[in-house]
Amino acid sequence: MVQNVLIPTDFTIESLNLLKAAATMNGRPKSIILFHAIHLSDSITDLLFFSKSKFIESIANEDFLTAVKIVRNRYASIIKSVEMDLFVGRSSRAFENFVAGNAVDLILIPDAYKFRHASDRSIDPLGYLHRGNKRTRVISWKQNPDLSAADTLSEVFQFDPGLK
Amino acid sequence: MAMKTHTKIALIFFCLVSAALILLSAGVYFLTNRYSLSDFYKRLEIRAVVMARTTLDHEAASIQVLQEVRQMHLERLPEEREHYFRITEGETFEAASNQLGLPRSFFTRIVSEGEATYKSGNTCFAGVKYASRSGSYAVVVSADNYNNMMLLSNLRNFLLIGISVTSILTLLISLTYANKIFTPVKKITSQVREISSRSLHLRLDVVQTDEIGELQRTFNNMLDRLETSFATQNNFVSNASHELNTPLTAIIGQAEVTLSKDRAPVEYVEALKIILSKAERLHEITRSLLYLAQTGFTDKLEANESLRADELLWEVKGMTDRMVPANKVQINLSMMPENPEWLRVKGNNKLLQIALSNVVNNAIKYSNNQVVIMSIGTSENEVIVVVKDLGIGIPESEIDFIYDPFFRAANTAAYDGYGIGLPLTRNILRLHHGSIRVSSKVNAGTVVELRIPIAR
């Protein structure tokens, strides 16, 4: 049975460690939703022309997308699909609906990692994610001080998902 | 028919405008015609009714009023005629239709629908059914639609003249304007003609900000690139000669000095050792140069075999172990794709080994043999190999030049090298339809990404 896993992202390669953790958790096939939380504009004209896919295209850079592909190919039999979505709601109730609407079985959150703001509309997803929730699992990894590879593609090779 | 572009543009524009004008005029003419006809019929119908009431209904008072109205307000139309016919049961209107030259359907329509219209040449007929006290009558009024004919023929003439004049004007104006647009293009053509391999420094003057300006700017960019590339080629030749000359000079110098007087055998041995090492260096340089030249000038790969990219990593590690036994090169397969077929590429094994080993050797050399990590993974359609070291890095200001043959960055003074490794690697990757990307931070380290398309 394919598990639907919700993973927060800030479009950095380090945050993909959650994806690696999802793939190595148990042997069950998974369908991943990478979600990013943003604050929608209040202006009607902005809303009229707002497109989730275009927004994501503008903040997800080539290296990030390549890194996602590399991880997918590594765990091809487990990761059945990876979708990128935006959460634009403003309350925990809205988030609960988002979770229910996507039939999420599992939510992964990082232990010590701080999400950065990928755009000036971005919100910290940890505001909506609670550790105590029965569907949530906390994943931790060692933060790497190596700056020379910061947010370049080589970062995807750095962390071994064996680290818990 | 080889027509100039500006003539084509002008003709197309002319045809479009003429077509639009003709359509518009046809529409105006047609609609005016219809409207004026229906208008005329209405006038005839009014007269029919008035005539019926004055002639058929003999009420003295209303007759007088009606006749006055008729006199004062209803003008006499050209060739106006009035007829009336009794409608009886089974009446065929044969006589009536012959008398007036109208089809019988006209009369039957009057009987069934209460009104009918008919036009024969310039004469218009309108008929109404009038129920008087003495029975039903078909009242027919006819007149010549003379005024409206005049109106319509005037309109037609005006439209025809208007179309012709406007079309000719459009043609002339568009021919002139189209020519004007192409003047800057002609100027560019004549300016570019001046530029040859000897005068590559010439550039076009960019005065406009529109598409023509874009074209001029793009031309200038292309000329910049051509000039740089010509300069690079010239540099290459002089650099190559210089690099080859240095060891040769050392060999000759050493030999001359040694031969200048009698020496002890051990001195000859020393001298020969020095000469040998310099000669080997020369050999290295010429071999690399040959590779560089060969890979730089061809587009096609010879010996296209199917190989596994991860095996390439192991092969290069083996080569490195032989050359630098104390190396700290590690291979990281943690992100290797699940399906090993996704690591399969098509290419020349030897060349790819050279490409990768150049990068690995640089990593070892410029980090003073610290840990070097080779990682491999597969993206959508490329195999990506990443070589990461913790060496001296490349200054940001010089990172654009690392692919120039013989270029060595400012911080490499303490290290041996000719500056050929990276250009060769890039050429080899290009031959394999791949690419190389280098990012670096001074004194922190360098990351080199090599990408090769997966063999499908």
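Visitor: What makes β10(B) and strand β11 of chain B a pair, and in which sense do they run?

Guide: This is a predicted model. Two strands pair if at least two bridges are found between them. β10(B) and strand β11 (residues 445-453) of chain B are joined over seven bridges, in the antiparallel sense, and therefore they count as paired. One of the contacts across the pair has B:L450 in β11(B) as the bridge partner of B:I436.

Visitor: Why are β6 and β10 of chain B said to stand at the edges?

Guide: The sheet is open and has five strands, in the order β6-β8-β9-β11-β10 (chain B), with mixed pairing. β6 (329-332) and β10 (435-441) of chain B each have a single partner strand, so one side of each lacks a neighbour in the sheet. On average, neighbouring strands of this sheet are turned by 15 degrees against each other, direction ignored.

Visitor: Which helices lie across strands of chain B, and at what angles do they run?

Guide: Helix α9 (residues 349-366) of chain B lies across β6, β8, β9 and β11 of chain B and runs at about 20 degrees to β9(B). From chain A, helix α4 (residues 62-74) lies across β8 (372-378) and β9 (382-389) of chain B, at about 80 degrees to β8(B).

Visitor: How many residues does each chain give to the contact?

Guide: Chain A gives 18 residues and chain B gives 22 residues. On the side of chain A that touches chain B, nine residues are nonpolar, six are polar and three are charged.

Visitor: Why is A:K30 called buried?

Guide: A residue is buried if 20 or more other C-beta atoms lie within 10 Å of its own. A:K30 has 22 C-beta neighbours inside 10 Å, and therefore A:K30 counts as buried. This residue lies in strand β2 (residues 30-38) of chain A. Leaving aside residues up to four places away in sequence, A:K30 touches A:V2, A:Q3, A:V5, A:A22, A:I78, A:I79 and A:K80. The C-alpha atoms of A:K30 and A:S81 are separated by 7.4 Å, although these residues are 51 residues apart along the chain.

Visitor: What is the mean pLDDT of chain B, and what does the predictor give for the complex?

Guide: Chain B has a mean pLDDT of 86, and 97% of its residues reach 70 or more. For the complex, the predictor gives an ipTM of 0.87 and a pTM of 0.64. Where pLDDT is low, the predicted coordinates should not be read in detail.

Note on methods: Residues numbered from 1 in each chain as written. Chains lettered and ligands numbered in written order. Predicted model: local features only at pLDDT ≥ 70, side-chain atom pairs only at ≥ 80, totals over all residues. Contact = placed C-beta atoms within 7 Å. Nonpolar A, V, L, I, M, F, W, Y, C, P; charged D, E, K, R; others polar. pLDDT = per-residue confidence, 0-100. Helix = DSSP H or I, 4+ residues; strand = E, 2+ residues; numbered from the N terminus. Axes fitted to C-alpha atoms, helices over the stretch in contact; angles between N-to-C directions. Buried ≥ 20, exposed ≤ 12 C-beta atoms within 10 Å, placed from the backbone.
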